[in-house]
Amino acid sequence: FSSFEQKGTNGDSITIDGGWEIHRADNGGWVDDHPSKIQTGEWGFHIQPNNKRFIQKTSLPQGVYLVSFWYKGGKVDVINVTPSGLDSTTTPSGSSHMQYFESQVAIAANGTLLIKPHTSDPHVWQTYIDELRLHPIDAQMSSQSMDAFLRINSRTDVNGNSTYYLYDGFNRLRYGLDQDKN
């Protein structure tokens, strides 16, 4: 799992929460504190075509997994690198709001999973991703993100539904907001 809270600073590639590798040819990609471009926490990631910015997880054990994430903008390709080639799934067209996507993938032994923008989409340069999860199909995953004061600012359940928490100046919980931030 990664909500991209562990922001990298330098280099073309870093490993973040959950063992995901972030490849950034331009050292960019982090989206901070912009509610329309992130789903949970305070950071998201801006993926780009032409191998500029993408996400991968390598050395996966063989099995059937569920990959899920929130995205907006252009379509996103989920690419399973298999011994016989590539097995790709593409999200529906993105929109101006974050959308939830999940798909089953059958990973070969020592497999690799890539998350990249779909290059033929007209909104390919405006593709954002957050709350990336990968787990065995028979498992369930919930997650939470915390702010710099170690307060929980969101929780996401096993179905991908998030609850958001706001605090007052004395660090007391003031509001709990639903998926639509109501």
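"Buried" here means under 20% relative accessible area. Keep that cut-off handy for the close-ups below, which all come from a predicted model.

**Figure 1. Arg172 and Asp168 meet through their side chains in a salt bridge.** Zoom in on this pair and you'll find 2.8 Å from N to O. Is Asp168 buried or exposed? With a relative accessibility of 18%, Asp168 is buried, because the cut-off for that label is under 20%.

**Figure 2. Asp147 and Arg151 make another salt bridge.** The closest N and O atoms of this pair sit 2.8 Å apart.

**Figure 3. Glu131 pairs up with Arg133 in a salt bridge.** Here the closest N and O atoms are 3.5 Å apart. Both Glu131 and Arg133 are buried. If you're keeping a tally, the count of salt bridges comes to 3.

**Figure 4. Strands β12, β13, β14 and β15 line up, in that order, as an open sheet.** The sheet has 4 strands, and their pairing is antiparallel.

**Figure 5. Strands β13 and β14 run antiparallel to each other.** This view moves inside the sheet, to residues 152–156 of β13 and residues 162–167 of β14. How many bridges join the two strands? There are 3. For a landmark, look for Arg155, which has Thr163 of β14 standing opposite.

**Figure 6. Stepping back, the chain is built with 15 strands and 0 helices.** So much for the close-ups; here's the wider setting. The chain runs to 182 residues, and 48% of them count as buried. What share of the contacts with a separation of 6 or more comes from residues 24 or more positions apart? That share is 59%. As for the surface, the chain exposes about 9,200 Å², with carbon and sulfur atoms supplying 48% of that area.

Methods
Residues numbered from 1 in each chain as written. Predicted model: local features only at pLDDT ≥ 70, side-chain atom pairs only at ≥ 80, totals over all residues. Heavy atoms only, no water. Pairing = 2+ DSSP bridges. Salt bridge = Lys/Arg side-chain N within 4 Å of Asp/Glu carboxyl O. Buried < 20%, exposed > 50% of the residue type's maximum accessible area, 1.4 Å probe, protein only. Contact = heavy atoms within 4.5 Å. Areas by Shrake-Rupley, 256 points an atom, 1.4 Å probe, with all protein chains shown as cover.
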